[in-house]
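Biologist: Before we discuss individual residues, please show me the structure. I shall then ask on what grounds each label has been assigned.

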Amino acid sequence: MIFDHSGQALSTGRVNVNGTSLHYRTGGSGPALVLLHGVPKASYHWRHLIPKLTARYTVVAPDLRGLGDSARPANGYDSATMSDDIAALMTRLGHQTYGVLGEDWGAVIGYQLAARHRDHVSALVFAEALLPGFGFEEHTALTVDNVSNGMHLWHLGFYFQPDVPEMLIAGHERELISYMIKNERSYPDTATPDAIEEYVRCYSMPGGVRAMLAIYRAMLVDAEQNREAAQKKLDIPVLALGGSAFIGARNEEMMRNVARDVTAHVFEAGHDLAEEVPDEMAAVVLPFLAERL
């Protein structure tokens, strides 16, 4: 369970939208804020941050298409389609305008959500992500710089290969998820047993690994979508957040390519800010949102 600021469990639900079924958690009161998790995570990723938000905001934390306890359809894993999932979900829940906070692939989807649904998104927090089409691909290259600065994203090429990753990952979901999450953090102990257990549960279910890989395999389509969307820069305020040990200041670089009003902050942390440094993250996010939602 995830709890709000008063210790009350968030309510959960499931809705059919955009050709799939999304599981979500919601709680709090005030302007709406949707939280979009990355991979290999689920909405449980936000459990530390949500209680710091719900006193001021109505928080909606969905499991993305194919992930968590959402349905795992055969297709639709490009970021534009997945952003349309979230727009439809927010409309179904009665939220016509809202802020977006995304991390990792959730940030990429959050950008597409802001670009495709400009009348509905009032602010974007883009945390620890690289945009396909704007430098993401280069980090798959085996270079001295990528390896020495910890940004050789070897797994992208591995995941892109059909069939072989499924064969090798099956039965080893725990080993893969534990390694990926702990290796990308400055504070590995923040990958607590309960979180690992939840992520392993989700990705071990039928279709869990397939859906995860499908998100990566849509990356070249995402790149085209992002370059097209960037022809008209976002006019809404954007906060770019990075962890010094992982993507860091590159988050700001990404957003300046696609948005006009960008502020940024880099934490002494790794890739998973909401689990590694939730207090510090809230201290930066809340003032940003207070002026814009």
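Modeller: Contact here means heavy atoms within 4.5 Å. The model is a predicted one. By that contact rule, and not counting residues up to four places away in sequence, glutamate 128 touches Asp104, Leu241, Gly242, Gly243, Phe246, Ile247, Gly248, Asn251, Gly270, His271 and Leu273. Glutamate 128 itself is found in the loop between β6 (121-127) and α3 (144-148).

Biologist: Why does glutamate 128 count as buried?

Modeller: Its relative accessibility is 1%, and buried means under 20%. Glutamate 128 therefore counts as buried.

Biologist: How do you know that buried glutamate 128 has no salt bridge?

Modeller: The nearest side chain of opposite charge, arginine 250, is 7.5 Å away. A salt bridge requires a side-chain nitrogen of Lys or Arg within 4 Å of a carboxyl oxygen of Asp or Glu, so glutamate 128 has none.

Biologist: Which backbone atom lies 3.2 Å from a polar atom of the side chain of glutamate 128?

Modeller: That atom is the backbone nitrogen of glycine 248.

Biologist: What is stated about phi of glutamate 128?

Modeller: Phi is positive, about 50 degrees, although glutamate 128 is not a glycine. Aspartate 163 also has a positive phi, near 75 degrees, and is likewise a residue other than glycine. Aspartate 163 is placed in the loop between α4 (154-160) and α5.

Biologist: Is aspartate 163 buried or exposed, and what makes it so?

Modeller: The relative accessible area of aspartate 163 is 58%. Exposed means over 50%, so aspartate 163 is exposed.

Biologist: Let us turn to charged pairs. What makes arginine 65 and aspartate 85 a salt bridge?

Modeller: Their closest N and O atoms are 2.8 Å apart. The limit is 4 Å, and the pair therefore qualifies as a salt bridge. The two residues link distant parts of the chain, with arginine 65 in the loop between β4 (58-62) and α1 (79-92) and aspartate 85 in helix α1, 20 residues apart. Both arginine 65 and aspartate 85 are buried. By this rule the count of salt bridges comes to 16.

Biologist: How do you know that arginine 185 and aspartate 272 meet in a salt bridge?

Modeller: The N to O distance is 2.9 Å; because the cut-off is 4 Å, the pair is a salt bridge. This pair, too, links distant parts of the chain: arginine 185 lies in the loop between α6 (173-183) and α7 (193-204), and aspartate 272 in the loop between β8 (259-267) and α11 (273-276), 87 residues apart. The 2.9 Å approach of these side chains is also a polar contact.

Biologist: What makes arginine 201 and glutamate 198 a salt bridge?

Modeller: The closest N and O atoms of the two are 2.8 Å apart. With the cut-off at 4 Å, the pair is therefore a salt bridge. Both residues lie in helix α7, three residues apart, about one turn of the helix.

Biologist: Why do glutamate 198 and arginine 201 receive their accessibility labels?

Modeller: Glutamate 198 has 14% relative accessibility and so counts as buried, the limit being under 20%. Arginine 201 has 34% and so counts as partly exposed, a class that lies between 20% and 50%.

Biologist: What makes proline 206 exposed?

Modeller: Its relative accessible area is 78%, and exposed means over 50%; proline 206 is therefore exposed. Proline 206 is found in the loop between α7 and α8 (208-217). Its C-alpha atom is separated by 8.5 Å from that of arginine 72, 134 residues apart along the chain.

Biologist: Which residues form a nonpolar patch on the surface?

Modeller: Val164, Met167 and Leu168 form it, with about 290 Å² of accessible area together. Valine 164, found in helix α5 (residues 164-169), is partly exposed because its relative accessible area is 32%.

How values were computed. Residues numbered from 1 in each chain as written. Predicted model: local features only at pLDDT ≥ 70, side-chain atom pairs only at ≥ 80, totals over all residues. Heavy atoms only, no water. Helix = DSSP H or I, 4+ residues; strand = E, 2+ residues; numbered from the N terminus. Buried < 20%, exposed > 50% of the residue type's maximum accessible area, 1.4 Å probe, protein only. Lys, Arg positive; Asp, Glu negative; His and termini not counted. Polar contact = N/O pair within 3.5 Å; in protein donor to acceptor, adjacent residues only side chain to side chain. Patch = residues over 30% accessible without salt bridge, like charges linked within 9 Å, V, L, I, M, F, W, Y side chains within 5 Å. Areas by Shrake-Rupley, 256 points an atom, 1.4 Å probe, with all protein chains shown as cover.
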